[in-house]
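Subject: Handover of a structure for your review

Dear colleague,

Please find below the structure that I am handing over to you, together with its sequence.

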Protein chains: 2
Amino acid sequence: MPLFGRKKKEPEVVVAEPEAPQLPPPPPTDERGWRSMEDHRDYLLDQVHQLPAFGQQILDALDLSICEDIESDVDLPGFDNSAMDGYAVHFGDTLGAAEDAPVTLAVMGEIAAGDWSDEPLPPGTAIKIMTGAPIPPGADAVVPYEATDRGTEDVRVFAGAREGQHIRRRGEDVSAGDVMMRSGARVGARDVGLLAAIGVDKVMVRPRPRVVVLATGSELVEPGLALSNPAQLYDSNSYLLAAAARAEGAQVFRVGLVGDDAEAIKQAISDQLVRADLIITTGGVSQGDYDVVKAVMPELGLTDFCEVAMQPGKPQGFGLIGEDRVPMIMLPGNPVSAYISFEAFVRPVIRKMMGVEPLFRPQVRAIATHLLRSVPGKKQFARGLVTTDPAGRRSVTAVGGHGSHLVSSMARANALIVMDPDVDHVPAGSHVPVWMLDEVS
Amino acid sequence: MPLFGRKKKEPEVVVAEPEAPQLPPPPPTDERGWRSMEDHRDYLLDQVHQLPAFGQQILDALDLSICEDIESDVDLPGFDNSAMDGYAVHFGDTLGAAEDAPVTLAVMGEIAAGDWSDEPLPPGTAIKIMTGAPIPPGADAVVPYEATDRGTEDVRVFAGAREGQHIRRRGEDVSAGDVMMRSGARVGARDVGLLAAIGVDKVMVRPRPRVVVLATGSELVEPGLALSNPAQLYDSNSYLLAAAARAEGAQVFRVGLVGDDAEAIKQAISDQLVRADLIITTGGVSQGDYDVVKAVMPELGLTDFCEVAMQPGKPQGFGLIGEDRVPMIMLPGNPVSAYISFEAFVRPVIRKMMGVEPLFRPQVRAIATHLLRSVPGKKQFARGLVTTDPAGRRSVTAVGGHGSHLVSSMARANALIVMDPDVDHVPAGSHVPVWMLDEVS
């Protein structure tokens, strides 16, 4: 059979038309075409991922989320040791000792913290022992200095010892095999101490997300510079969001201002992709003629622009940008809208990336000190000042008006008052849900 | 009269014996020679000072204490501007407009955010205006797109406008001269936004104190290394205290371990003086024969060693070390003693240096879930786990025993239960004071 006869017929190559990549189907909308705040938040959360864990020195793991269960390899204490400075003894040798009837024991030497010997303590003798030093084999009590004459050759003991007194037992704090931390826990200062105590110097944690913040808008001027006409204003959004992301633990790059020019925005975003786990922009996502972010970002990746049934913060944008599909959250440009959007959407995304629970601000109840009004059909977020009485009961007063441009009241607030779309008012004296802004969670 | 006759008798120069510098008189002690926790804390606080303020970029001022009152130089908004995308009009021209009886106005052009013109809007005309753009002189209302046909030459208006509708007034958020932040306030994320909004790029803040942390004890081994005999243990104190100081905002240098050798300790401390605003050590301050810190530190500066009526944490040391009198706090070596001493003494000192209020953990009340026992005559700190019900009421359960070596229960706790020296027990169901460890304050 000629060679070429063995050549198999090549299978016909079917070149499938590559499907254009796209975002997952968006959540449902209501009759106005709006999404609920919760649906939009969950849609974003589904499309961002926990950052891969890496090994970090325990001190630098502070505030990060641990990605492994930590079992102790050691007992704590690792050995029976003295809780006092004094003398290790056989307690039976001290029975009946009293102020006027001391027992005298020969002193065999001394044991300092860190010393180790397998030599048993002979009956009828004592050995000087420091706090934390190992109890020698055979000894079963420690007589503190105060109950002795502090003798060096012989020691006089003025009080009978109980069996086991002033001895810290091996493993009474931690036993080898005990789980010290669970995967997903956030490393606090006392955890760092515990990890060190069991000899752990490094742990696997999720890193701080690298968050790039840009503000768009040709009317914006960098703080510290002069305004060149009365219609300009200072960029506060990029500072506010950079600070808020940093306060959540992100590593923040505030790129600052880009104008309203399409090419400049595309260039600025493209330049940042390489160092960003998340990009946040403000401005340019509404229905206006100058909403250039909404206009140009589809050229750089997969995007989703929508309206959310919330106030403030209705126009929202999201994208997976560039080849690496870097998540990008495009917030409205009014400062209060931007900040409340950060709380509703960006903060949970940053916490998911960091592996930190809970993702959301705990929603707690406070008593309204006055009548609160809301616009039905939208989830309303009002700035509130919460005070807490000594028993922990919270009261809340709205600060500032409803305007999404009122930044001074935003700084004065310590909570967001949350009124669901079916609420049009909350009477004075009633409970209303609030998100506490200044509490650790 | 001869010249020399006018020579006055030289006053005899009294060379005063220079008084040896010393610490201020220590607080009073009780019949046991012990100080109260509060007296010792106040004694330390009196001898440390707020760090000098320096100018810092607002984003880097996050979490620091501001040292000036910040008055706004500008109004916010800085000019009357539109709250909507639409048309600026004279409201009187739209009176009676309705869906079936539109008013038609000539469109004079458009105003984008950042544009500025002094040209008044002629009566009977409209001008397209974007959100945030300045209202032209003469115009007194904005008709949103939705109430128009969005015309470019002429626009048909389908609803009468109210005077002032959709106009944000100059200064309605902030007026020039308003105080935005008071000296002593801590800069939060929303404050950073507010500072930027009024054009402030730098503020005077107190820096992060440089805190050096060392642990002494020749029985200690660095985590991650092998123990060379069973009586050694891992250093947890220096990690715990470094993490706790960092969590308070300090810039921490963990120097780590020094043995029990007098010369090594003196050298290590001397080496660190140049970069320290505060030095913290653990170990070597008790009555034991190996308490070398207590023995050698008087050679390097002014020192104060004492016993405090608290448990744990009785032996305490303080010093002003070296030529620059760098404050040094010498804590006991048991991990729980060290941590509770940090909470009682070091944390307030760090906060005073940073200019952050309140200096002390807020003492709140919680309901004891079980009988709590205390040793009368000492202020007792027990580790507690506080839970809060939806109304904010706190309950507390003690975790772990009283042993000052129990580090695992310390990590599990989120509060310290505080029992004053005159308390010997707290019945189940009664209120007991607690310091919350994981809340921002």
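A salt bridge is here a side-chain nitrogen of Lys or Arg within 4 Å of a carboxyl oxygen of Asp or Glu. By that rule B:Asp277 and B:Arg210 form a salt bridge through their side chains, at 2.9 Å from N to O. B:Asp277 is in the loop between helix H5 (262-272) and strand S17 (278-282) of chain B, while B:Arg210 is in strand S13 (residues 210-216) of chain B, so the pair ties together parts that are 67 residues apart in sequence. B:Asp277 counts as buried, at 16% relative accessibility, whereas B:Arg210 counts as partly exposed, at 29%. Please bear in mind throughout that this is a predicted model.

Further salt bridges

Over all chains, the search of the whole structure finds 43 salt bridges. One of them joins A:Asp235 and A:Arg254, with 3.5 Å from N to O. This pair links distant parts of the chain: A:Asp235 belongs to the loop between S14 and H3 of chain A and A:Arg254 to strand S15 of chain A, 19 residues apart. A:Asp235 has 0% relative accessibility and therefore counts as buried.

In chain B, the closest N and O atoms of the salt bridge between B:Glu38 and B:Lys379 are 2.6 Å apart. B:Glu38 is in helix H2 (residues 37-46) of chain B and B:Lys379 in strand S24 (residues 379-388) of chain B, so that distant parts of the chain, 341 residues apart, are linked. B:Glu38 is partly exposed, with a relative accessible area of 28%; B:Lys379 counts as buried at 6%.

The interface between the chains

How many residues does each chain bring to the contact? Chain A gives 79 residues and chain B gives 79 residues. The area buried between chain A and chain B is about 6500 Å², and carbon and sulfur atoms give 61% of it. Between these chains the count is 4 salt bridges; B:Asp438 and A:Arg190 form a salt bridge whose closest N and O atoms are 3.2 Å apart. The rule also finds 22 residue pairs in polar contact across the interface of chain A and chain B, both residues being at pLDDT 80 or more.

On the side of chain A that touches chain B, the elements giving two or more residues are helix H2 (189-197), strand S14 (233-234), helix H3 (237-247) and helix H7 (407-412) of chain A. H2(A) provides the largest share of this side, with 8 residues. The residues of this side divide into 42 nonpolar, 17 polar and 20 charged.

Helix H3(A) is mostly covered, with 9 of its 11 residues buried. Among the buried residues are A:Asn237, A:Tyr239 and A:Leu241. Just after H3(A), A:Gly249 has a positive phi of about 110°.

Strands and sheets

Is strand S16 (residues 278-282) of chain A largely enclosed or exposed? It is largely enclosed by the rest of the structure, because 5 of its 5 residues are buried. In a regular strand the side chains alternate between the two faces of the sheet. From S16(A), A:Leu278, A:Ile280 and A:Thr282 point one way, while A:Ile279 and A:Thr281 point the other way, and all are buried.

S16(A) runs parallel to strand S12 (residues 210-216) of chain A, to which 5 bridges join it; here A:Val211 has A:Leu278 as its bridge partner. S16(A) also pairs in the parallel sense with strand S20 (residues 326-331) of chain A, over 4 bridges, and there A:Ile280 has A:Ile329 as its bridge partner.

Chain B contains an open sheet of 7 strands with mixed pairing, in the order S1-S18-S20-S21-S17-S13-S16. Its edge strands, each pairing on one side only, are strand S1 (34-35) and strand S16 (251-258) of chain B. S1(B) and strand S18 (residues 301-308) of chain B run parallel and are joined by 2 bridges; B:Trp34 stands opposite B:Glu307 in S18(B).

Two individual residues

A:Ala88 is in strand S4 (residues 86-89) of chain A and counts as buried, at 0% relative accessibility. Leaving aside residues up to four places away in sequence, A:Ala88 touches several residues, including A:Leu121, A:Ile127 and A:Val142.

A:Phe253 lies in strand S15 (residues 251-258) of chain A. With residues up to four places away in sequence not counted, A:Phe253 touches A:Arg210, A:Val211, A:Val212, A:Val213 and A:Arg275.

With kind regards

Definitions and conventions: Residues are numbered from 1 along each chain as its sequence is written. Chains are lettered from A and ligands numbered from 1 in the order in which they are written. This is a predicted model: local features need pLDDT of at least 70, side-chain atom pairs count only at pLDDT 80 or more; totals for chains, interfaces and linings use all residues. Side-chain values use heavy atoms; hydrogens and water are left out. Contact means heavy atoms within 4.5 Å. Buried area is the accessible area (1.4 Å probe) that two parts lose on being put together, summed over both. A polar contact is a pair of N or O atoms within 3.5 Å; within protein, one must be able to donate a hydrogen and the other to accept it, and residues adjacent in sequence count only if both atoms are side-chain atoms. Ala, Val, Leu, Ile, Met, Phe, Trp, Tyr, Cys and Pro count as nonpolar, Asp, Glu, Lys and Arg as charged, and the others, Gly among them, as polar. Buried means under 20% relative accessible area, exposed over 50%, partly exposed in between (1.4 Å probe, protein chains only). Two strands pair if DSSP finds at least two bridges between them.
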